[in-house]
Amino acid sequence: MSIKWDTRFLGLAAHISAWSKDPSSQVGAVITDGNRIVSVGYNGFAAGVEDRAERLADRNCKLNLTIHAEENAMIFAKRDLTSCTVYVTHPPCPRCASKLIQEEVKRIVCIAPSEDFLSRWADDLKLSQEMYQEAGVEYQSYDIEQINVDDAHITVAPGGFFKKVMNRLLLRD
Ligand SMILES: [Zn+2]
C-alpha cells in the first residue's frame with residue numbers, strides 16, 4: 001500500500017477518533033481490504049450502555065466498560081479479516097494486538113505516539129511488538145513529519161482539516 005493511501009486511512013482513523021465520548025483518550029481505527037473500507041471503530045461503551053459522567057470519571061469502571069477502537073472495528077466488520085490492514089491512531093494495546101493477530105490481519109499501521117504516551121505505555125507496546133514479530137504481522141508506524149498531507153489530497157476543508165485533527169490528536173496524548 002502506498003504512503004498516499006496509508007495517509008488517507010490514518011486521516012480517516014483520526015477523524016473517527018473524534019467521535020469517541022471518552023474525555024481523556026480518543027482512538028480511531030479503520031480496517032481495510034486493499035483500498036476498500038471494511039469497518040471503522042472508536043473507543044466507547046457498548047450501544048445502549050449509558051456513558052454517564054460518573055462512569056467516565058471512575059477509571060476502573062471506564063476501563064471495564066470501554067470497547068477499544070480496534071475491538072469495535074473488528075466486531076462491526078462481521079466478516080473474515082484475513083489479510084486485511086488495520087489503521088489506528090495509537091499503537092494497539094496487547095489485548096487488541098492479540099485479537100488482531102488471531103483475526104489474521106496482515107498489517108497494522110499507526111501514527112507514532114508522543115513521548116508522553118510512549119513513556120506511559122512502553123511495556124504494553126513492547127509486548128504488542130513482540131507478538132507481531134512472532135506471529136509475522138507487519139507493523140508500521142508513521143512519524144507525523146513523514147506524512148505529506150498535500151500529496152494525499154485529504155484536505156477536505158479550507159484550513160487543512162486533517163492537519164487540525166492530527167495536531168489535536170498529538171497534543172492530547
Ligand atoms: Zn486495545
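Two strands pair if DSSP finds at least two bridges between them. Strands (E, at least two residues) and helices (H or I, at least four) are DSSP runs, numbered from the N terminus.

This is a predicted model: local features need pLDDT of at least 70, side-chain atom pairs count only at pLDDT 80 or more, and totals for chains, interfaces and linings use all residues. Residues are numbered from 1 along each chain as its sequence is written, and side-chain values use heavy atoms, with hydrogens and water left out.

**View 1. The hairpin of strand 1 and strand 2.** Strand 1 (residues 28-33) pairs with strand 2 (residues 36-42) in the antiparallel sense, over six bridges. Val30 has Val40 as its bridge partner in strand 2. Two residues lie between the strands, and Gly34 takes a positive phi near 65 degrees.

**View 2. Strand 1 beside strand 3.** Strand 3 (residues 85-88) pairs with strand 1 over four bridges, again antiparallel. Ala29 is bridged to Val88 of strand 3. Five of the six residues of strand 1 are buried (under 20% relative accessible area; exposed is over 50%, partly exposed in between; 1.4 Å probe, protein chains only).

**View 3. Leu12 in helix 1.** Helix 1 spans residues 3-17 and holds Leu12. Leu12 counts as partly exposed because its relative accessibility is 25%. Beyond neighbours within four places in sequence, Leu12 contacts Val30 and Ile37 (heavy atoms within 4.5 Å). The C-alpha atoms of Leu12 and Tyr87 are 8.8 Å apart, across 75 residues of chain.

**View 4. The zinc ion.** His68 (ND1), Cys93 (SG) and Cys96 (SG) coordinate the zinc ion at 2.0 to 2.3 Å. Donors are N, O and S atoms within 2.8 Å of the metal (3.2 Å for Na, K and Ca); water is not among the atoms, so sites may look incomplete. The donor spacing in sequence is H-x24-C-x2-C. Cys93 and Cys96 are buried.
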